[in-house]
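Dear colleague,

Please find the structure below, with its sequence.

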Amino acid sequence: MPQIDDKLAPIYEEVVRRNAGEPEFHQAVREVLESLGRVVAKRPDYLEDALIERICEPERQIIFRVPWTDDKGRVQINRGFRVQFSSAMGPYKGGLRFHPSVNVGIIKFLGFEQIFKNALTGLPIGGGKGGSDFDPKGRSDGEVMRFCQSFMTELYRHLGEYTDVPAGDIGVGAREIGYMFGQYKRLTNRYEAGVLTGKGLFYGGSLARKEATGYGNTYFTQAMLRTGGTDFDGKRVVVSGSGNVAIYTIEKVQEFGGKVIACSDSSGYIVDEAGIDLELLKEIKEVRRARISQYIRVKGEGNGAYFVKSGEGSIWDVACDVAMPSATQNELTGKDATRLIRNGVIAVGEGANMPCTPEAIRTFQQAGVKFGPGKAANAGGVATSALEMQQNASRDRWTFEQTESRLATIMRDIHDSCYTTAEEFGAPGDYVIGANIAGFIRVAEPMRAFGVI
Ligand code: NDP
């Protein structure tokens, strides 16, 4: 098991002590500190001025009440969060998550990862994350709108195109961004397009932003496969989730000649040995907002097409060459990893944030499976958000091809920078170490230049 270097262990202990009851945040910090031992061995100056301790402490954390009225006229209360983690590289940047599981520890883990991810893109964006324990599932458009308006009525005072620029995440798509942008515009009396990304195409959104995280992970995973002299062509691929990231991962993998045979939601998973019918999946998830079992209901069971209810099996039981977990944190365990390896998996690209447990990552790496960590592999979403900000700032609009071509270059650069950094620090092929160290160095340098702030 990777260990934290003796010089860094007290930092981790202090993080655990000061952030009690936030296991996901501890897990994210631990993973980065495990990599940094190699850096401080070469560059002990990074231990000065509590630089690493400062990176682990958010610059600002905002927690607020979100009251709203449901369709029956009852008042509901949710809790809103925004953790502004690091502005060393630029305005805070990171999505908003609406899901009942959201708490401050989850937002902090996501915000912490976002610092290094954003630095890896090479674009001038700091790290942040936010959200609410609001559950949009089963809520009417009117309820979602009233919630979003109330949420923004507090959050707007902390945002700005040079201050903090949120985007979507789980439970926050184009509909929610539209309601929040509308309320921001109304409250501030400013058409500040660059204050939110993931906007609709008719009011300042960027072509290819919706597709960017899934496409980006596919480009990254393709680059990993190519280091082993292979590609997606003819590979069996399993993608968990069926939201924004999963759908556009499936689209790009299919374009690259891979066959996606399974995907999921929180109610279970589907297998379609003929290859997932993407148009049908989009109709069910994006248009009808229905459960994944509807896919099999429409397609008909048999001929290798079936649905497995949540709790009665795991999507990682399905044999595949490439696994792309794209639902949520800690969804792929050590046992799942062992089963995937036994069934022949050769590469794993994390579309979600921290979907593999530390044990799963170790198991993959020990077996020589190429493993792309989320903070590198799923950085295409935030990178394209930064491209959306560029278009807003210059009052310009790029074509889909222009934007996707920038995305493809960014993802290959991220891959190469993780790969060469891992080699330079004595861990060839270890993308976790490569991503953590390359991201850290990019953030540490401006922090030192700014002095103790
Ligand atoms: P969506 O809300 O569009 O989709 C999430 C999908 O994951 C749904 O199919 C959902 O199923 C499933 N899911 C969510 N929580 C759980 C759970 N606890 N157990 C099982 N399934 C679950 O979100 P995104 O696709 O945007 O995000 C997916 C992941 O990718 C997240 O980890 C997010 O942080 C990460 N990510 C997203 C980016 C983006 O640009 N959107 C950028 C970078 C990372 P159900 O509908 O049943 O809840």
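Two strands are said to pair if DSSP finds at least two bridges between them. Strands (E, at least two residues) and helices (H or I, at least four) are DSSP runs, numbered from the N terminus. The model is a predicted one, in which local features need pLDDT of at least 70 and side-chain atom pairs count only at pLDDT 80 or more, while totals for chains, interfaces and linings use all residues. Residues are numbered from 1 along each chain as its sequence is written, and side-chain values use heavy atoms, with hydrogens and water left out.

**The five-stranded sheet**

In β2, T69 has V75 as its bridge partner. Strand β2 (residues 75-86) runs antiparallel to β1, and 10 bridges join the two. Both belong to an open sheet of five strands with mixed pairing, in the order β1-β2-β4-β3-β5. Its edge strands, β1 (60-69) and β5 (164-167), each pair on one side only. From one strand to the next, the twist averages 20 degrees (axes are lines fitted to C-alpha atoms, for helices over the stretch in contact, and angles run from 0 to 180 degrees between N-to-C directions).

**The seven-stranded sheet**

Seven strands form an open sheet of mixed pairing, ordered β9-β8-β7-β6-β10-β11-β12. Because β9 (305-309) and β12 (370-372) stand at the edges with a single partner strand each, one side of each is left without a neighbour in the sheet. Neighbouring strands here are turned by 15 degrees against each other on average, direction ignored. Strand β6 (residues 236-239) runs parallel to β7, joined by three bridges; V237 has V260 in β7 as its bridge partner.

**The ligand site**

The ligand is surrounded by 24 residues, the closest being R97, D169, T213, S266 and N353 (a residue is near if one of its heavy atoms lies within 4 Å). Polar contacts are pairs of N or O atoms within 3.5 Å. A polar side-chain atom of N353 lies 2.8 Å from an oxygen atom of the ligand, and one of S266 lies 2.5 Å from a ligand oxygen atom. For S242, a backbone N or O atom lies 2.9 Å from an oxygen atom of the ligand. On its own the ligand has 890 Å² of accessible area, of which the protein covers 83% (Shrake-Rupley method, 1.4 Å probe). Two or more residues of the shell come from each of α7 (209-227), α8 (244-255) and β7 (259-265). Domain 2 (60-191) and domain 3 (211-377) each supply at least three residues to the shell, the domain bounds coming from an automatic or database assignment.

With kind regards

Terms used:
A polar contact is a pair of N or O atoms within 3.5 Å; within protein, one must be able to donate a hydrogen and the other to accept it, and residues adjacent in sequence count only if both atoms are side-chain atoms.
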